[in-house]
Amino acid sequence: MKSRSFWPVVALTLAVGTGCTVGDGTGEVTATRLYLQGCWNGPFNLQPDFFAANSYRQESLQIRVQRGDNNQEASDGLTVLVSDLAAVKSQLDTPIPVGVPEGVAPPGQPLTGEPGPLVSLSLYLHQTCHEQNSATYSVSGTITFHSIFSGDPNEEDSQERLTDAEFKVRFADPRELVDAPDAEAVTSSDVDGNFNFFFQRGQPAQPFQ
């Protein structure tokens with residue numbers, strides 16, 4: 001199966017403002033069943049050891065939780081897009097519903113017109129899947145931030161540099177949900193995860209593509 005370019009990859013791309021900077025941290029991303037067509041269908045454990053954050057005008061934030069520090073196109077990992085940083089900061093310790101990016105629909109399907117989620121997630125297995133379909137996207141579930149980086153690359157307050165979150169999210173390729181006789185067959189089980197790391201300004205890591 002050839003690799004297929006798809007809208008969420010574009011939708012999760014954010015203009016680079018301050019650069020993507022690596023922080024030391026811990027995290028887990030596991031599932032009893034992760035499903036990616038032609039690539040993976042079974043238990044999954046990301047075992048991440050690379051954590052990075054990329055802010056844009058202190059208004060939005062991208063978080064990358066990844067196994068290894070290679071560039072994203074050659075790695076397995078998780079991307080978290082926070083579209084409104086201030087709104088999320090006002091809801092710390094509160095479960096926030098997740099979904100696909102605002103104004104997005106599979107080809108040939110009408111836009112829903114519903115407000116976009118504050119947070120969207122994408123799991124990518126570019127290292128494992130190679131040329132197969134290698135990404136899946138949050139379609140339901142919640143994420144809870146206990147702390148989140150302020151977005152200021154010059155932040156001196158250590159607590160404001162901390163990002164601490166946990167989530168329970170279901171992932172799917174929305175194209176497969178359109179005509180699937182059994183939506184559950186093409187939807188991952190709950191993916192449980194957490195990450196905790198401090199933003200550290202320094203040499204920029206591989207930017208998001």
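Author: Happy to! Let's take strand 6: D76, L78, V80 and V82 point one way from it, G77, T79 and L81 point the other way, and all of them are buried. In a regular strand, side chains alternate between the two faces of the sheet. Before going on, please note that this is a predicted model, in which local features need pLDDT of at least 70 and side-chain atom pairs count only at pLDDT 80 or more, while totals for chains, interfaces and linings use all residues. Residues are numbered from 1 along each chain as its sequence is written, and side-chain values use heavy atoms, with hydrogens and water left out.

Buried means under 20% relative accessible area, exposed means over 50%, and partly exposed lies in between (1.4 Å probe, protein chains only). Helices (H or I, at least four residues) and strands (E, at least two) are DSSP runs, numbered from the N terminus.

Strand 6 covers residues 76-82, and because seven of its seven residues are buried, the rest of the structure largely encloses it. Now for its partners; two strands pair if DSSP finds at least two bridges between them. Strand 5 (residues 60-67) runs antiparallel to strand 6 and is joined to it by seven bridges, with I63 standing opposite V80. Strand 8 (residues 119-125) also pairs with strand 6 in the antiparallel sense, over seven bridges. There, L125 of strand 8 is opposite D76.

A salt bridge is a side-chain nitrogen of Lys or Arg within 4 Å of a carboxyl oxygen of Asp or Glu. R67 is partly exposed, at 26% relative accessibility.

By that rule the count comes to five salt bridges. Another one joins the side chains of D192 and K168, at 2.5 Å from N to O. D192 lies in strand 11 (residues 191-198) and K168 in strand 10 (residues 162-172), so this pair ties together parts that are 24 residues apart in sequence. Both ends are partly exposed: D192 has a relative accessible area of 30%, and K168 has 43%. R170 and E184 form a salt bridge too, with 3.0 Å between the closest N and O atoms. R170, E184 and D190 are linked in a network of salt bridges.

What about the aromatic rings? The structure holds five aromatic pairs. Rings of Phe, Tyr and Trp (its six-membered ring) pair if their centres lie within 6.5 Å; planes under 30 degrees apart count as stacked, over 60 as edge-to-face and the rest as tilted. F51 and F197 form a stacked pair, 5.9 Å centre to centre with 25° between the planes. F51 lies in strand 4 (residues 50-56) and F197 in strand 11, so the pair ties together parts that are 146 residues apart in sequence. F51 is buried, at 1% relative accessible area, and F197 is buried at 1%. F149 and F199 form a stacked pair as well, 4.1 Å centre to centre and 10° between the planes. Ring pairs also link F145, F167 and F195 into a cluster.

Finally, step back to the whole chain: it has four helices and 11 strands, and of its 209 residues, 46% count as buried.
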